[in-house]
Amino acid sequence: VNVLPTSPSRDAGNVTYLPAGTLVDIDGQPRTQGSTVDIGATESDGVTTTFLPPVVRVSPTGNDAAAGDSWTTAKRTVQSAVDRAARTGGEVWVQAGTYDANVQIRPFTFLYGGFNGTETNRTQRDWRSNVTVLDAGQETGAVLMTQLTLDETLDGFTIQNGLATAGAGVFTDSSVRILHNRFASNTVVSTVPASNVRGGGAIYVAAGAPQILNNQFFRNLSASNDRNQPAEGGAIKINDGTPLIANNLFRQNVVTNAAASGEARGAAVATLFRGSAQVINNTLLQNTATVANNAAAPDQGAVYVGNTNAPSLLGNNLVAYNSSGVFAPGRLPTLNNNLVFANIRTNYERLPDPTGTAGNLSVSPRLTGPYGDPHLQTGSPAIDAGNTNLVQAGWTDLDGRPRLQDGRVDIGADEFDGT
């Protein structure tokens with residue numbers, strides 16, 4: 001119940017409403033510590049309260065009737081653990097295994113996968129080795145993250161086989177954190193009747209400022225067979241909000257429209273309407289937008305920038321070998337230090353080609369493997385060619401290495417370490 005120093009309830013009460021003799025708050029602190037009384041039962045002293053959040057554990061051999069307060073009393077389903085953690089706020093630790101998806105994340109809950117079932121500290125987990133799967137079975141959307149306010153987190157899962165009309169992997173309207181996940185084979189389809197809430201094979205951003213960092217997006221699909229419903233965002237669609245999309249790998253995602261004169265927008269990422277994204281240090285390879293043979297509009301980019309409000313930022317991205325590159329019929333995005341190369345139909349469309357300006361390149365990235373391996377070879381022009389001002393403190397690359405090596409950042413999701 002303690003408020004943060006930045007809470008809008010601080011110094012926002014009316015001191016004349018205090019009953020006579022009310023000198024302390026619920027914690028015994030002086031009731032008025034700033035210019036006036038705070039709203040609520042506690043009075044902020046300007047210090048953030050530190051506490052250890054309760055932990056609820058989940059295991060493939062667990063039992064939802066159990067408390068979940070240790071690995072031996074783990075719960076069986078993720079939703080049961082989320083509901084238990086939401087009573088007080090806390091973390092959910094999920095042991096490696098496969099679980100039913102259709103999970104609704106509650107306020108003040110933070111989900112972490114990648115445990116082997118012996119850990120006593122979250123830092124001991126290994127989400128790369130201890131694969132933790134949320135599988136929707138092509139029956140429903142996988143994870144719902146709506147009406148959340150405190151950086152609620154989804155971290156360290158494989159999220160697969162979601163099926164929905166919008167956000168088959170994750171649907172969110174909140175400023176949440178989506179980190180270290182693998183989104184695979186999630187599918188969105190057109191709606192009947194038509195709706196603007198559609199698209200985003202892996203993630204649909206309806207609002208908020210989610211942080212989408214260090215994830216892998218593989219073979220997600222946004223499909224339509226309706227000329228009045230463009231297929232949008234094979235992996236991510238931003239309809240509104242200001243997400244940060246950084247250090248991710250997008251491979252072989254597809255946006256397709258089978259209708260005559262239909263449109264397919266953004267094989268990897270699409271921003272629409274009031275959505276304005278920061279898209280930084282991502283690698284986009286072999287993503288495909290397809291339309292019917294007689295469609296009036298061509299396939300529209302691995303990245304589609306169609307928002308009309310504040311300009312989106314595309315910086316330090318490697319965009320190569322897709323059906324097409326950056327398609328921007330909306331507000332002209334800011335383009336800094338991107339490497340956009342060998343996209344089949346075109347590298348840039350509906351905007352001036354920025355190659356040769358603001359650090360933007362169009363040369364072979366010299367990747368390690370021919371089949372979408374995102375790692376850079378020695379001598380790659382992407383090495384040290386990014387804009388370091390775009391990199392936030394503590395960022396790591398797709399392999400967990402520090403994002404800055406020798407004070408410089410590479411273009412793309414991989415940071416070359418000399419090997």
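A cavity is a set of grid points where a 1.4 Å probe fits but cannot get out, and its volume is the space filled by probe spheres set on those points. In this predicted model, the second largest cavity has a volume of about 40 Å³. The count comes to two cavities of 30 Å³ or more.

**Cavities**

- The second largest cavity is lined by V279, L284, V303, L314, N317, V319, V326, L335, N338 and V340.
- Eight residues of the lining of the second largest cavity are nonpolar and two are polar, while none is charged.
- The volume of the largest cavity is about 50 Å³.
- Around the largest cavity stand T165, V188, V189, S190, R198, G199, S222, A223, S224, P230, A231 and E232.
- By class, the lining of the largest cavity holds five nonpolar, five polar and two charged residues.
- Strands β18 and β19 (231-232) each contribute at least two residues to the lining of the largest cavity, and β18 gives the largest share, with three residues.

**The second largest pocket**

- The second largest pocket has a volume of about 200 Å³.
- Its lining consists of 15 residues, and W127, R128, T158, R182 and Q216 are the ones that lie nearest the centre of the pocket.
- The lining of the second largest pocket comprises four nonpolar, eight polar and three charged residues.

**The sheet of 10 strands**

- An open sheet of 10 strands has the order β1-β2-β5-β8-β12-β16-β21-β26-β30-β33, with parallel pairing.
- At the edges of this sheet stand β1 (55-58) and β33 (334-336); each has a single partner strand, so one side of each is left without a neighbour in the sheet.
- On average, neighbouring strands of this sheet are turned by 10 degrees against each other, direction ignored.
- Within the sheet, β12 (residues 177-179) and β16 (residues 211-213) run parallel and are joined by three bridges.
- In this pair of strands, I178 stands opposite I212 of β16.
- Helix α1 (residues 78-85) packs on the sheet and touches β1, β2 (90-95) and β5 (109-115).
- The direction of helix α1 makes about 160 degrees with that of β2.

**The sheet of five strands**

- Another open sheet is formed by five strands in the order β10-β14-β18-β23-β28, and its pairing is parallel.
- The edge strands of this sheet are β10 (163-164) and β28 (288-291), each of which pairs on one side only.
- Strands β14 (residues 187-188) and β18 (residues 221-224) pair in the parallel sense over two bridges.
- V188 stands opposite S222 in β18, and both V188 and S222 are also listed in the lining of the largest cavity.

**Pairings of β6**

- Strand β6 (residues 132-135) pairs with strand β3 (residues 97-100) in the parallel sense, over four bridges.
- Opposite Y99 stands L134 in β6.
- Strand β6 also pairs with strand β9 (residues 158-160), in the parallel sense and over three bridges.
- The bridge partner of V133 in β9 is T158, a residue that also belongs to the lining of the second largest pocket.

**Aromatic pairs**

- The whole structure contains seven aromatic pairs.
- In one of these pairs, the ring centres of F217 and F250 are 4.7 Å apart and the planes are at 5 degrees, so the pair is stacked; planes under 30 degrees apart count as stacked.
- This pair links distant parts of the chain, with F217 in strand β17 (residues 216-218) and F250 in strand β22 (residues 249-251), 33 residues apart.

**Backbone features in loops**

- V192 and P193 are joined by a cis peptide bond, with omega about 0 degrees.
- P193 lies in the loop between β14 and β15 (203-205).
- F108 is not a glycine, yet has a positive phi of about 65 degrees.
- The loop that holds F108 lies between β4 (103-104) and β5.

Notes
Residues numbered from 1 in each chain as written. Predicted model: local features only at pLDDT ≥ 70, side-chain atom pairs only at ≥ 80, totals over all residues. Heavy atoms only, no water. 1 Å grid on protein atoms, 1.4 Å probe; cavity = no way out; pocket = protein on both sides within 12 Å on 5 of 7 lines; lining within 4 Å. Nonpolar A, V, L, I, M, F, W, Y, C, P; charged D, E, K, R; others polar. Pairing = 2+ DSSP bridges. Axes fitted to C-alpha atoms, helices over the stretch in contact; angles between N-to-C directions. Contact = heavy atoms within 4.5 Å. Phe/Tyr/Trp six-rings, centres within 6.5 Å; stacked < 30°, edge-to-face > 60°.
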